[in-house]
Amino acid sequence: MAEIDDVRSLLSGRPRPVGWTERRARIEEVAAVDPPPEGVTFTPATIAGVPAEWSVASDADPRRVLLFLHGGGYCSGSIVSHRNLASRSGQAAGMRCLALQYRLAPEHPFPAALEDARGVYEALLDQGFAPGDIVVGGDSAGGGLTLALMVALRDAGRPLPGCAWLISPWIDLAMTGATIDCKDAVDPLIHRAYLEDLSEAYRGGRPAEDPLISPLHADLVGLPPVLVQVGSAEALLDDAVRIAGRLGAADVPVRLEVWPAMIHAWMLWAARLADGRRALAAAGDFLRRRGI
């Protein structure tokens, strides 16, 4: 059996969860199935009032930090579910990683998650981190939140991070991408009805076209270099391809990688996926060099 088929079996072996409590429990169950890498120290923290966790490998550059924003459709996901991915990401990039537990919808709809991310970013600046030594990244909704954070910072005249990393990003909460439907049969995680629930919960009545909710509609001029990584078997493939095109059209240095046969946020299972480890290595190189 191919490695990716093993992951597919893990994800499809039980009925889909129903309701926010079940969904939140399930993502922690399936995404945290593997232990984090050895040689990494984990330290809980609260920064700007937001629960967070530092993960630091023994050879990490203490002057640089990856601000990691987890996925889960803005309604689930946590430090626990994404501990493996966040810690492996910092390890691959050779820097400290700070994973956030931003507030979740529907209890805390937009702009709560964005406010939390921005508050922590500003706190890192106050702690003495140079803007160029901070990189921001995340998977799925965390990828969309990464872009929204940079747009909000730019619009406020604030210094921007050195570069950004989008993993299987969700950047269109109106779900207009063709692959949401044509990849439905091959994506074990993402389906239109599920995304509609998440979008409604996060938006809290605001239009899906709001550029800070759906960065596909944002003015992207002036953003730092961006790496976009996506699997070919993803319902959100079009989101990744379209945002890479929009970034390029805005003269933002951008690199798009489409990984054959990979599913949504496949790097969560890098412990059992060689292509997950290879994708993380490529991302680590990009973040280390700030996209240069």
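Trainee: Is Cys182 buried or exposed?

Mentor: Cys182 is exposed, with a relative accessible area of 56%. The cut-offs are under 20% relative accessible area for buried, over 50% for exposed and partly exposed in between, using a 1.4 Å probe and protein chains only. Keep in mind that this is a predicted model, where local features need pLDDT of at least 70 and side-chain atom pairs count only at pLDDT 80 or more, while totals for chains, interfaces and linings use all residues. Residues are numbered from 1 along each chain as its sequence is written, and side-chain values use heavy atoms, leaving out hydrogens and water.

Trainee: Where is Cys182 found?

Mentor: Cys182 belongs to helix H6. Helices (H or I, at least four residues) and strands (E, at least two) are DSSP runs, numbered from the N terminus.

Trainee: How many disulfides do we get?

Mentor: Taking a disulfide as a pair of cysteine sulfur atoms within 2.5 Å, the count comes to zero.

Trainee: OK, rings next. How many aromatic pairs does the structure hold?

Mentor: Four aromatic pairs. One of them is Tyr74 with Trp170: the ring centres are 6.2 Å apart and the planes at 40°, so this pair is tilted. Tyr74 lies in the loop between strand S3 (61-69) and helix H3 (83-93), and Trp170 in the loop between strand S6 (163-167) and helix H6 (179-182), so to speak a link between distant parts of the chain, 96 residues apart. Tyr74 is buried at 2% relative accessible area, and Trp170 is buried at 1%.

Trainee: What about Phe110 and Tyr202, how do their planes sit?

Mentor: That pair is edge-to-face, because the planes are at 80°, with the centres 5.9 Å apart.

Trainee: What's the rule for calling a pair?

Mentor: Rings of Phe, Tyr and Trp (its six-membered ring) pair if their centres lie within 6.5 Å; planes under 30 degrees apart are stacked, over 60 edge-to-face and the rest tilted. Tyr74, Phe110, Trp170 and Tyr202 form one aromatic cluster.

Trainee: Which rings have a charged end of an Arg over them?

Mentor: Arg96 has its charged end over the ring of Trp54, 4.0 Å from the centre, and Arg83 has its charged end over the ring of Phe42, 5.8 Å from the centre. That takes NZ of Lys or CZ of Arg within 6 Å of the ring centre and within 35 degrees of the ring normal.

Trainee: Switching to the sheet: what order do the strands have?

Mentor: S1-S2-S4-S3-S5-S6-S7-S8, an open sheet of eight strands with mixed pairing. Strand S1 (40-47) and strand S8 (254-259) are at the edges with a single partner strand each, so one side of each has no neighbour in the sheet. From one strand to the next, the twist averages 20°. Two strands pair if DSSP finds at least two bridges between them, and angles run from 0 to 180 degrees between N-to-C directions, with axes being lines fitted to C-alpha atoms, for helices over the stretch in contact.

Trainee: How do S1 and S2 pair?

Mentor: Antiparallel, over eight bridges, with Thr43 opposite Trp54 in S2. Their hairpin has two residues between the strands, and Ala48 there takes a positive phi near 55°. S7 (residues 226-231) and S8 run parallel, joined by six bridges; Gln229 has Glu257 as its bridge partner in S8.

Trainee: Which residues have the most contacts inside the largest nonpolar core?

Mentor: Leu67, Leu98 and Trp170, in a core of 45 residues. Its largest share, eight residues, comes from H4. A nonpolar core is a set of buried Ala, Val, Leu, Ile, Met, Phe, Trp, Tyr and Cys residues joined through side-chain atoms within 4.5 Å.

Trainee: Last one: why is H3 largely enclosed by the rest of the structure?

Mentor: Because eight of the eleven residues of H3 are buried, including Asn84, Arg88 and Ala93. After H3 comes Gly94, with a positive phi near 70°.
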